[in-house]
Amino acid sequence: MKTLLRCYFATIFVACLSGTAVAQPRPGTSPSPSPSAQPPPVAPVVPASVAAVKPKELSLVRVNVTGQQHDYTRPWQKKAPFQKRALGAVLPKGRVLVTADLVANQNYVELERAETGDKTGAEVRVVDYEANLALVEPTDKKFLDGLTPMQLALDTVVGDRVAALQLEPTGALVVTEGLVTTVQMMRYPAEVSQFLAYRISMSMQYRDNSYTIPLAKNNKLAGLLLRYDPRSQVLDAIPAPIIAHFLKEADDRNYRGFPSAGFSFFPTRDPQLRKFAGQTGKPGGVYVMSLEPNMPAAKAGMQVGDIITAIGNNEIDANGNYVDPMYGKLEFTNLITSRAYVGDTLPFQIQRAGKPMQLNVVLERRAAEDYVIPPYVVDEAPGYVVLGGLVFQELSRQFLKEWGGNWQKEAPQRFVYLDRFQSELYPEGNRRVVVMTQVLPANSTLGYDEFNYLQVTKVNGREIKSLRDLAEAAKQPIDGFIKIETHEDPKQLALGATQIAEEAQSIQENYGLPALQRLD
Amino acid sequence: VPEFDFRGICLIFSDFRLMRRFCLSISLLFVAVAAAIAQPNGKVQQSVVRISANDLQPDYRAPWNAGALQRGTGAGFLIDGGRIMTNAHVVSNSRYLTVERENDPNKYPARVLFVAHDCDLALIEVASPEFQKNMVPLTFGGIPELESTVSAYGYPIGGQRMSVTTGIVSRIDFQLYTHSAIDQHLAIQISAQINPGNSGGPVMQNGKVVGVAFQGYSGDVAQGVAYMIPTPVINRFLKDVSDGRYDRYVDLGITYSKLQNPVQRRSLGLAEDDRGVLVNTVIAGSASDPHIKSGDVLLAIDDHPIASDSFVELEGARVEMPEVVERKFKGDKVKLDLLRDKKPMTVTVELGPLLPYLIQGHSYDVRPRFVLYGGLLFQPLSLDLMQAYQPQDLRLRHYFDFFVSEQIYLEHPEVIVLTNILADPINTYHAPYRGSIVNEINGQKIRTLDDLAKAFAQPAEQVVIRMVGDGPPLVLDTKEVEAARERIKTRYNVSREQNLSAELPPKPAVGQDQP
């Protein structure tokens with residue numbers, strides 16, 4: 001049931017992506033330029049099955065997760081618990097690889113030996129929600145004894161066959177074979193950047209409600225399922241090279257995640273745009289459209305209007321592709337997000353007004369909390385402040401996603417706009433957007449019940465850039481009034497400092513709030 | 001906003017969806033017609049006419065074309081001065097109008113005298129002197145009592161001849177007038193069946209017109225909910241046009257909220273009573289700017305105390321505050337008692353129409369404005385444009401939805417959108433710019449379509465179009481644009497490359513010599 005629900009969402013996600021790409025002239029590192037929605041219809045010549053798997057050599061364990069999502073519409077509570085079952089790949093050093101989606105908001109993780117049904121508790125050691133990968137380790141160190149760790153199949157290319165591995169309830173292996181049709185940069189569920197992914201044509205039946213599904217080639221781990229659309233029978237997978245990148249980082253004591261450079265770009269196919277940008281010589285490269293402040297590209301001196309012609313020895317063509325030794329033409333962001341590590345210095349060859357230059361960009365990771373409106377928040381409880389029945393929260397995409405799969409149309413439209421254009425609207429960064437999300441009717445909020453989804457600009461005359469700002473400012477009433485200014489109508493609300501103090505306990509009891517605020 | 005049947009209840013024969021939607025009510029109509037025969041009202045029947053309109057519906061996706069020809073029918077009735085009153089939506093976009101009446105075989109050509117799209121009323125005239133023979137002008141009554149019986153006359157679906165239905169007055173309230181989709185006025189809900197073709201027909205009580213049937217919910221949304229335009233709105237329209245032209249409704253140009261929270265009232269220095277509303281936003285350039293400010297508390301309007309729930313008492317009835325302004329005309333003044341920074345003061349506001357919000361409503365009797373340059377089609381943002389293109393672009397939808405509330409009109413009085421691209425070698429790489437909003441051309445800010453046309457007309461080697469947002473500029477070589485002009489015009493059958501005036505070409509005069 002869980003799994004079916006998930007693939008339904010996956011379908012929507014794919015559809016959303018192509019819609020965005022058509023409507024928005026904003027290709028770049030974060031929004032995708034042209035994720036060709038479907039694999040090419042013509043099947044290449046298929047070599048004899050090379051995916052062939054030998055069940056005994058495959059080391060898989062069941063992973064059972066019980067978790068609870070935080071409820072962003074009632075930030076003081078968690079939603080009803082969920083259970084997810086998955087199949088993890090056993091790796092060296094007693095670790096089990098699963099998708100980050102599986103362990104997101106987990107309360108308890110359990111490993112289960114498929115052949116015996118033995119179980120043990122497990123800890124999540126490393127999780128990366130952007131790359132959608134996580135490592136779990138059994139509390140009983142001997143639990144994985146007798147299972148040969150899987151090696152990575154790093155050599156998968158278009159035309160190869162890979163097998164999706166699932167288990168019957170009996171523990172018997174179910175193998176479905178598919179053909180890798182495309183290797184390209186795709187958006188991952190966290191929607192922050194693009195990573196390398198395989199697109200595989202596969203007619204797969206879900207078994208045993210498995211949430212994470214490993215893919216194998218020649219008995220080695222080729223990838224993990226990212227999403228599957230049963231209608232078009234297209235499966236996207238997190239490829240082994242991304243897993244290898246993740247594992248290499250995970251071996252470090254200080255996990256740093258995947259790097260980014262912090263700019264968006266546009267292809268230079270248009271000769272008139274190239275001429276305008278002053279490009280000389282061979283056509284090619286990408287036009288720098290915008291720069292994130294205080295991110296590597298800006299720090300290295302990159303400017304809007306620069307044309308990036310190469311990174312190192314990899315020349316970038318007018319579509320933004322370089323020639324990858326393994327995959328052929330591939331979007332150049334792969335050189336940044338997948339092939340490089342945080343702290344690496346990448347030599348960017350650029351042309352500025354026709355003059356060639358080199359910029360040495362030192363890559364960093366942009367964490368979700370570095371955004372004004374965080375693109376995802378997992379595991380952490382959302383902050384909130386209740387003032388006399390008015391509920392305040394920091395705007396996050398997680399909050400907007402409470403409107404469901406179609407949140408971009410259903411959620412409060414001004415907030416969706418703020419989220420999408422946050423780097424343009426708040427170029428200085430380093431702040432949050434505080435919003436009043438609902439009114440808990442009480443004496444102090446009498447007559448305010450029509451107001452919701454208001455952006456707070458000031459409280460008691462002080463500018464509000466975080467929930468903490470709001471909590472602090474609320475402690476400084478003016479003439480006994482807490483004055484709240486909002487971007488939207490009604491522009492101003494007032495609360496009585498004494499009244500809300502008197503009413504605090506009854507509001508807490510009446511609405512079952514464990515506390516009137518939670519600041520990180 | 002309730003979900004209304006968009007085209008009001010004007011019958012459009014080409015719209016089969018509408019036909020099907022209303023076919024359920026046909027059997028009921030027969031009953032009503034039979035009742036009318038049993039109890040004839042000769043005078044009223046002779047004054048009610050059927051109006052057939054031939055409309056040109058502008059095509060916002062090919063704005064150089066004249067548009068699609070559509071036919072529709074509605075009702076109307078004779079009033080004083082030989083004028084026929086009907087709904088604006090019956091005669092909107094019409095290029096040729098004819099009027100018929102019971103027991104007369106002739107079709108009479110007619111012309112529009114006045115049309116008020118903001119209150120869905122129009123006056124038309126038949127030139128032929130023969131036409132008015134045996135017709136008695138109808139006169140107007142007041143607001144009918146709740147539960148009192150009214151009869152609706154018209155030519156709705158279900159037969160060729162006039163139909164009469166009866167019902168009672170169910171509710172008197174402010175309603176959205178769906179013809180413009182942005183105006184709210186008083187409307188009366190009646191339980192009489194009214195259907196496509198009833199539009200513009202009189203609703204009678206005691207021999208007087210108490211309303212004009214104009215809109216309703218379709219049967220799959222709510223059953224038997226129909227609305228008529230009441231006489232205060234009709235009388236205002238007739239008074240407005242008495243000087244020979246229609247000036248539109250006037251508006252204070254503010255948003256306000258109720259003041260029911262005791263603490264908020266105290267913080268604003270209000271007395272412990274139940275008076276006053278809080279001014280939220282004053283629309284820049286509106287009648288109230290600069291006389292009223294955000295944060296003011298309005299206490300009285302023309303000496304009528306404003307209650308904290310925004311109602312005032314007017315002629316013995318509690319009505320919402322804007323009703324005071326509703327009854328006024330362009331240039332009239334309104335007196336407002338207010339509290340600013342806890343100090344009482346009185347301001348007088350000279351009323352005028354509110355313009356920025358017009359883009360969020362439908363336009364009629366206009367020719368779509370556009371500029372075509374290098375195969376790129378630029379058009380000003382409007383509700384009609386949004387409906388024609390159904391854009392998914394978030395920025396564009398934001399500029400439309402929040403045009404007034406975010407005061408986008410200050411920077412962009414017109415939002416110029418690159419709506420479409422007529423593909424040609426010179427614009428072959430420009431598809432990603434579709435749906436973008438023009439911000440600057442060659443360094444000049446673009447605030448209106450005229451600005452855009454002027455910027456393109458200036459001699460330059462290249463035009464550099466900067467869109468709103470982070471995107472790269474769209475660059476065109478002017479020599480190439482010039483070379484492509486005829487090619488694009490021919491290939492896409494474009495009759496004209498720009499239209500900066502919304503005015504329609506004049507209609508030919510209707511023949512006086514016809515029967």
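## The interface

Buried area is the accessible area (1.4 Å probe) that two parts lose on being put together, summed over both. In this predicted model, chain A and chain B bury about 3700 Å² between them, 54% of it on carbon and sulfur atoms. Three residues, A:Gln272, A:Phe276 and A:Tyr417, supply 17% of the area that chain A buries against chain B. The contact (heavy atoms within 4.5 Å) takes 44 residues from chain A and 44 residues from chain B.

The interface holds 4 salt bridges. A salt bridge is a side-chain nitrogen of Lys or Arg within 4 Å of a carboxyl oxygen of Asp or Glu. One joins A:Glu424 to B:Arg395, at 2.8 Å from N to O.

## How the model is read

Residues are numbered from 1 along each chain as its sequence is written, and chains are lettered from A in the order in which they are written. Local features need pLDDT of at least 70, side-chain atom pairs count only at pLDDT 80 or more, totals for chains, interfaces and linings use all residues, and side-chain values use heavy atoms, with hydrogens and water left out.

## Nonpolar cores

A nonpolar core is a set of buried Ala, Val, Leu, Ile, Met, Phe, Trp, Tyr and Cys residues joined through side-chain atoms within 4.5 Å. Buried means under 20% relative accessible area, exposed over 50%, and partly exposed in between (1.4 Å probe, protein chains only). The largest core has 79 residues. Among those with the most contacts inside it are A:Leu395, B:Phe378 and B:Phe456. Helix H11 (residues 449-457) of chain B gives the largest share of this core, 5 residues. Helices (H or I, at least four residues) and strands (E, at least two) are DSSP runs, numbered from the N terminus.

Leaving aside neighbours within four places in sequence, B:Phe456 is in contact with residues including B:Val371, B:Phe378 and B:Ile465. Another core, of 73 residues, lies apart from the largest one. A:Ala153 and A:Leu225 are among its residues.

## Salt bridges within the chains

Over all chains, the whole structure has 55 salt bridges. A:Arg62 pairs with A:Glu112 at 3.6 Å, N to O. A:Arg62 lies in strand S1 and A:Glu112 in strand S4 of chain A, so the pair ties together parts that are 50 residues apart in sequence. A:Arg62 counts as buried at 4% relative accessibility, and A:Glu112 at 10%.

In chain B, B:Arg340 forms a salt bridge with B:Asp296, with the closest N and O atoms 2.8 Å apart. This pair links parts of the chain 44 residues apart. B:Arg340 and B:Asp296 are buried.
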